Amino acid sequence: MKKKFIFIILSLIIFLSAFLRLYHIGDYQTFLGDEGRDVLVAKGILEGDFTLLGPRSSAGDFFMGPAYYYMITPFLWLFRYDPVGPAVMVALLSVATTWLIYFVGKRWFNPLTGLFASALYAVSPLVINYSHSSWNPDVLPFFALLSLYFLFQAVQAKHPAKLFVFVGFLLGIAIQLHYLALLLCFIAAVYTFASNWYLNHKPQIVIILIRYLQLFAGFVIGFAPFLLFEIRHGFPNTKSIMTFIFSDSAQKGYITGGTFFSTVGDAFFRIFGRLVFYFPSPEWYKLFQPMHLEFFRLFVILVSLAAVITLIIKTKNKLALMLLGFWLFFGVFLLGFYKKNIYDYLFTFIFPLPFLIIGYFLSQFFVWGKKKPQKIIAGIVGAALFTGIFFYNLSGNPFQYVPNRQKDQAKTISEFVLSQTNGKPYNFALISGGNSDHAYRYFLETADRPPVTIENPMVDPERKTVTDQLLIVCEDTSCQPLGHSLFEVAGYGRAEIVGEWNVSVVKVYKLVPYVEKEK
């Protein structure tokens with residue numbers, strides 16, 4: 001009966017997790033420039049244009065590996081080139097992470113830990129927000145937890161060589177998703193050393209070095225596409241990364257968010273507060289009374305610290321405690337060196353961790369006390385705490401908001417642009433405060449009507465790439481396209497407006513070459 005009950009509860013959790021991520025996913029998914037760029041690359045892969053390079057990093061002028069592009073490509077094909085396919089892939093991996101959190105919590109601690117942790121992960125608004133759109137960091141929680149779980153298995157195995165190679169392979173994939181996964185590599189290295197010391201009462205240096213070589217071998221396999229690109233092109237990204245880390249010019253470009261210790265403290269609070277307790281982001285503070293907000297903050301801090309202390313004191317699985325401790329300590333501590341603003345997506349490498357810790361904390365309420373009255377009171381407190389967190393998180397589900405329908409908007413606008421070209425060649429431009437034109441270009445290309453790209457005069461001295469019409473999408477409806485400095489507009493040359501329309505949430509302009517009128 002106990003196993004059947006756990007199976008039923010887990011099935012309900014997985015169903016809820018899937019529903020919150022997949023229901024009307026096409027209406028709620030983000031589809032802007034980055035997402036458009038990704039599906040354009042995936043479309044190219046399906047057409048035989050393979051790549052060894054991934055998305056550009058937001059931190060500097062360098063790129064990541066292409067693993068994410070190859071992950072989304074089958075789903076783009078399965079959904080007949082509808083960009084919702086890659087978003088479904090991300091959502092399914094998030095559902096798989098929900099199950100994996102249960103599995104790890106059960107294996108490392110007890111079934112209640114797994115159920116509590118997975119249930120809270122299933123309804124976390126921040127996790128859901130990063131689980132129904134296609135973006136390379138969004139699948140990092142799955143690979144982070146999977147790699148650390150197999151690392152935990154590897155350090156105890158009698159014949160661990162294949163497991164260490166597999167962990168290295170997973171880490172190679174993870175770094176292609178986001179460079180913050182380098183923190184996972186550091187954690188894996190420290191844990192390999194410390195666990196060997198703990199299990200053998202002294203560090204076996206030769207064995208540890210062999211384990212590192214096995215991890216490195218797997219890493220090379222997983223990271224191979226990016227390494228091949230670097231070798232072929234003279235290591236341009238490696239040089240850019242080193243410049244970013246060590247040059248004065250790069251560090252002067254940092255946006256300092258605070259002192260080292262304030263950043264560490266903020267990261268620790270947000271890992272629990274934003275992920276598990278749905279603590280509001282700063283732009284929503286105005287909706288709360290300052291006293292209520294500070295009380296909520298204090299509650300989050302006290303429960304989080306109590307959960308960490310309970311884990312340290314109560315758990316008998318010291319290897320799991322060691323791994324979670326390194327994951328938390330180094331994950332938070334090393335973020336203190338990050339000198340740009342720390343956005344929520346930068347925590348994706350650590351997403352599962354606070355749920356496992358809080359899940360274990362909640363499970364202890366149901367085994368506390370020796371006498372029946374104590375057990376009943378503790379169980380009531382634990383159930384009330386879980387129920388409060390669960391339903392408060394559930395109240396933040398995305399369906400209470402009007403869907404953005406960004407994908408449909410981009411498609412509608414692109415179709416209107418094509419309708420104004422009269423079937424003739426055209427140039428295209430997007431004037432925006434920070435978006436790129438890839439989302440629109442994707443739909444223009446899938447309609448087999450891609451725009452002509454204006455080349456530099458040195459490449460195209462006869463200006464053959466300048467057509468008789470330029471269609472401009474202005475996401476700022478007050479923009480002035482004539483004389484705009486954007487290359488796609490300035491490179492078109494002197495022009496005049498022959499049409500302007502309000503379409504969806506943008507304004508579309510049609511320009512033609514200016515013709516001097518006879519006096």
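Okay, a bit of housekeeping. Because the model is predicted, local features need pLDDT of at least 70 and side-chain atom pairs count only at pLDDT 80 or more, while totals for chains, interfaces and linings use all residues. Residues are numbered from 1 along each chain as its sequence is written, and side-chain values use heavy atoms, with hydrogens and water left out.

Let's start with charges. I'm calling something a salt bridge when a side-chain nitrogen of Lys or Arg sits within 4 Å of a carboxyl oxygen of Asp or Glu. How many salt bridges does that rule give? The count comes to 14.

Take K407 and D82: their closest N and O atoms are 3.4 Å apart. What I like here is that the pair links distant parts of the chain, 325 residues apart. K407 is in helix 20 (residues 406–419), and D82 is in the loop between helix 4 (67–78) and helix 5 (84–108). Helices here are DSSP runs of H or I, at least four residues, numbered from the N terminus.

Are those two buried or exposed? Buried means under 20% relative accessible area, exposed means over 50%, and partly exposed is in between, using a 1.4 Å probe and protein chains only. K407 is buried, at 10%, and D82 is partly exposed, at 27%.

Next, R297 and E294, a salt bridge at 3.6 Å from N to O.

Hold on to R274, please.

On to sulfur. A disulfide is a pair of cysteine sulfur atoms within 2.5 Å, and searching the whole structure turns up 1. Which cysteines does it join? C474 and C479, at 1.9 Å from S to S. The link is right-handed, with 90° about the S-S bond, and both cysteines are buried.

On a 1 Å grid over the protein atoms alone, a pocket is an open set of points with protein on both sides within 12 Å along at least five of seven lines, a cavity is a set where a 1.4 Å probe fits but cannot get out, and lining residues have an atom within 4 Å of a point. Points are joined across faces, edges and corners, and a volume is the space filled by probe spheres set on them.

The largest pocket has about 1,500 Å³. It's lined by 45 residues, and here's R274 again, nearest the centre along with L126, N129, Y130 and E283. Helix 7 provides the largest share of that lining, 4 residues.

Last one: there is 1 cavity of 30 Å³ or more, and the largest cavity holds about 60 Å³ of space. Its lining has 13 residues, with S94, Y121, S131, D138 and P141 closest to the centre. Which helix gives the most to this lining? Helix 5, with 4 residues.

That's my tour, thanks!

Notes. Helices (H or I, at least four residues) and strands (E, at least two) are DSSP runs, numbered from the N terminus.
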